[in-house]
Amino acid sequence: MISHYFAYGSNMNPARMGARGLSTINALAGTLEGFSLRFDKRATGKTGVAYANVGYQRDGRVEGVLYQLERPEDIVIMDPFEGNPVRYGREAFCVNTAEGVVHAWVYVANKAMLAKGLLPERAYLNHLLAGKQWHSNTYHQWLSEHICIESDNADSELDGLIYNV
């Protein structure tokens, strides 16, 4: 049974993970080799807005957070937040860590949800940047320089932690 979850998007923010109610034992830096981070998953109801996704790229590398779940079956807690099975599908991948290779759940956007020319909103990108302690300096700088949509979001702080608003 898979007991880890690899977050490469907004769930790299520990506060977001806490607000969403997924209990973890440990978190450490992880990488998906042979993939790239893409902002090509359409946001529902927001024209031109993207959420993070991973796609195959032979020489690519996606950095993120590998969470060890308190109970392996608790991964289903994340399914509604990720829109599984409609918006994202949950798949098992090998994630590289300093402690070796670990099998982990990874959410990948369904092809029907993909589009070109999208950008993340600033508030969403800030969740990714909150994972700084698990990023290399180069990766974090690349994320921080990513073009995004500046938005004034009047939603509550808690809503911003739980939902992609």
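Modeller: The account below starts with the cavity and then turns to one residue of its lining. This is a predicted model, in which local features need pLDDT of at least 70 and side-chain atom pairs count only at pLDDT 80 or more, while totals for chains, interfaces and linings use all residues. Residues are numbered from 1 along each chain as its sequence is written, and side-chain values use heavy atoms, with hydrogens and water left out.

The structure holds 1 cavity of 30 Å³ or more, a cavity being a set of points on a 1 Å grid over the protein atoms alone where a 1.4 Å probe fits but cannot get out. Of the 14 lining residues, Gly9, Ser10, Asn11, Glu82 and Tyr124 are the closest to the centre; lining residues have an atom within 4 Å of a point. The lining divides into 8 nonpolar, 4 polar and 2 charged residues, with Gly counted as polar and Glu as charged. Strand β1 (residues 4-7) supplies the largest share, 3 residues; strands are DSSP runs of E of at least two residues, and helices runs of H or I of at least four.

Glu82 lies in helix α2 (residues 79-82). Glu82 is buried because its relative accessible area is 12%, under the 20% limit set with a 1.4 Å probe on protein chains only. Its side chain makes a polar contact with that of Arg20 at 3.3 Å.

How values were computed
Buried means under 20% relative accessible area, exposed over 50%, partly exposed in between (1.4 Å probe, protein chains only). A polar contact is a pair of N or O atoms within 3.5 Å; within protein, one must be able to donate a hydrogen and the other to accept it, and residues adjacent in sequence count only if both atoms are side-chain atoms. On a 1 Å grid over the protein atoms alone, a cavity is a set of points where a 1.4 Å probe fits but cannot get out, and a pocket is an open set with protein on both sides within 12 Å along at least five of seven lines; lining residues have an atom within 4 Å of a point. Grid points are joined across faces, edges and corners, and a volume is the space filled by probe spheres set on the points.
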